[in-house]
Amino acid sequence: MTPGAAPLLVAGGGIGGLTAALALARRGCQVRVLEQAAAFGEIGAGIQLAPNASRALDALGVLDPVLANAVFPDYAVMIDARDGKEITRISLGPAFLQRYGYRYMVVHRQDLLAALLAACRREAAITLLTGKPVGAVRQSHDGVEVDCADGTREAGAALVGADGVWSGVRAQLIGDGAPRASGHVCYRGTVPMAKIPDHSYANAMALWVGDGMHLVQYPVRRGELMNNVAVIDSLKFQRGEADYGDWSEVESRFTEAMPRVRDMLGFMDRERNWLLHDRDPANNWTHGRITLLGDAAHATLQNMAQGACMAIEDAVCL
């Protein structure tokens, strides 16, 4: 962009939105990030970053601060949740690094966001705005306008919708309705590593699987915390009941799991769950001066562990 040109607007200040702002600023663009919340922050705990994300973060010069708080699992392992027998194991060591160029790592979401936020704040070309839920969006041959819920209006040269699976920008750009409930329900919880009685998989990305349930465990924040994620395939949802996903369903699904797995349920936050949603693919997520990024463009369920990774990649490609 030429000096004095209208800024690019980014709707959403999560991992995808901040990475997009940083990538655009590095290409000489003025950027205004419109975050709907009162402060920048991430909900949830652990996140897996495969080499495709690390490569993109490295290209933006923010990989080192992420590495400082990351954990590098020795292997990924799938285990039968009923009897503890290993089903398969993938080494994440030297051969993995040689093949893909970057190590597989796990981090706390807040640590990743903090690294991106710090980098954005060092860029004079980036303006970070909070309390700016994006409402109506309009575009013309020479720019875009965004009405914010606080009554203000933002004008720019283009708009990037990085506002997640429930994207309001997507609703206006594509208009394909609400995301589709998958029937999968997720509960999360972190616990100090010292409180975990069994450390046999302390430095692994462990996936305990059973009938209609699984538990994911891996260390975060330099190995000080264990991240636990319990996911069920809700029977209530399958029966068409609206109040699906309560804690009693989790306990019921984990009944046949071995004690080591069931014990991890005690570390879950029972007050908050995630009713996971998905979308059918869109043929195109760009129209004129408006485009989408991350989950707003191509939502993916948690079992692929690629939602944030692809959002980061999107930003660099954009």
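Which residues have the most contacts inside the largest nonpolar core? They are Leu 49, Leu 57 and Leu 112, and the core around them has 65 residues. Before going further, a word on ground rules: this is a predicted model, where local features need pLDDT of at least 70 and side-chain atom pairs count only at pLDDT 80 or more, while totals for chains, interfaces and linings use all residues. Residues are numbered from 1 along each chain as its sequence is written, and side-chain values use heavy atoms, with hydrogens and water left out.

Back to that core. A nonpolar core here is a set of buried Ala, Val, Leu, Ile, Met, Phe, Trp, Tyr and Cys residues joined through side-chain atoms within 4.5 Å. Buried means under 20% relative accessible area, exposed means over 50%, and partly exposed is in between (1.4 Å probe, protein chains only). The biggest giver to the 65-residue core is helix 1 (residues 15-26), with eight residues. Helices (H or I, at least four residues) and strands (E, at least two) are DSSP runs, numbered from the N terminus. A separate core of 28 residues lies apart from this one, and Leu 215, Met 226, Ala 230 and Ile 232 are among its members.

Now zoom in on Leu 49. Setting aside residues up to four places away in sequence, Leu 49 touches Ser 54, Leu 57, Val 66, Arg 103, Tyr 104, Met 105, Val 107, Leu 112, Cys 309 and Ile 312. Contact, here and below, means heavy atoms within 4.5 Å.

Leu 57, Cys 309 and Ile 312 turn up again where two helices meet. Two packed helices are described by the angle between their axes and the distance between the axes. For helix 2 (residues 51-59) and helix 11 (residues 307-317), the axes come within 8 Å and cross at roughly 35°. Those axes are lines fitted to C-alpha atoms, for helices over the stretch in contact, and the angles run from 0 to 180 degrees between N-to-C directions. The crossing of helix 2 and helix 11 is left-handed, meaning that the near helix is turned anticlockwise from the far one by less than a right angle. Helix 2 brings Asn 52, Ala 53, Ala 56 and Leu 57 to the contact, and helix 11 brings Cys 309, Ile 312, Glu 313 and Val 316. Sorted by class, that makes six nonpolar residues, one polar and one charged. In this scheme Ala, Val, Leu, Ile, Met, Phe, Trp, Tyr, Cys and Pro count as nonpolar, Asp, Glu, Lys and Arg as charged, and the others, Gly among them, as polar.

Stay on helix 2 for Asp 58. With a relative accessible area of 38%, Asp 58 is partly exposed. Leaving out neighbours within four places in sequence, Asp 58 is in contact with Leu 63 and Tyr 102. The side chains of Asp 58 and Tyr 102 are joined by a polar contact of 2.7 Å. (A polar contact is a pair of N or O atoms within 3.5 Å; within protein, one must be able to donate a hydrogen and the other to accept it, and residues adjacent in sequence count only if both atoms are side-chain atoms.) Along the chain, Asp 58 and Tyr 102 are 44 residues apart, yet their C-alpha atoms are separated by 9.8 Å.

Arg 260, in helix 9 (residues 259-264), is buried at 12% relative accessible area, and its side chain pairs with that of Asp 198 at 3.0 Å. Ser 200, Tyr 201, Trp 208 and Gln 217 are also among the contacts of Arg 260 beyond four places in sequence. Arg 138, in strand 8 (residues 134-140), is partly exposed at 32%, and a polar contact of 2.8 Å joins its side chain to that of Asp 147.

Finally, look at the loop between strand 14 (213-220) and strand 15 (225-233), where Arg 221 sits. Most residues other than glycine have a negative phi. Arg 221, however, has a positive phi of about 50°, and Arg 222, in that loop between strand 14 and strand 15, has a positive phi of about 60°. Arg 222 counts as partly exposed, at 41% relative accessibility.
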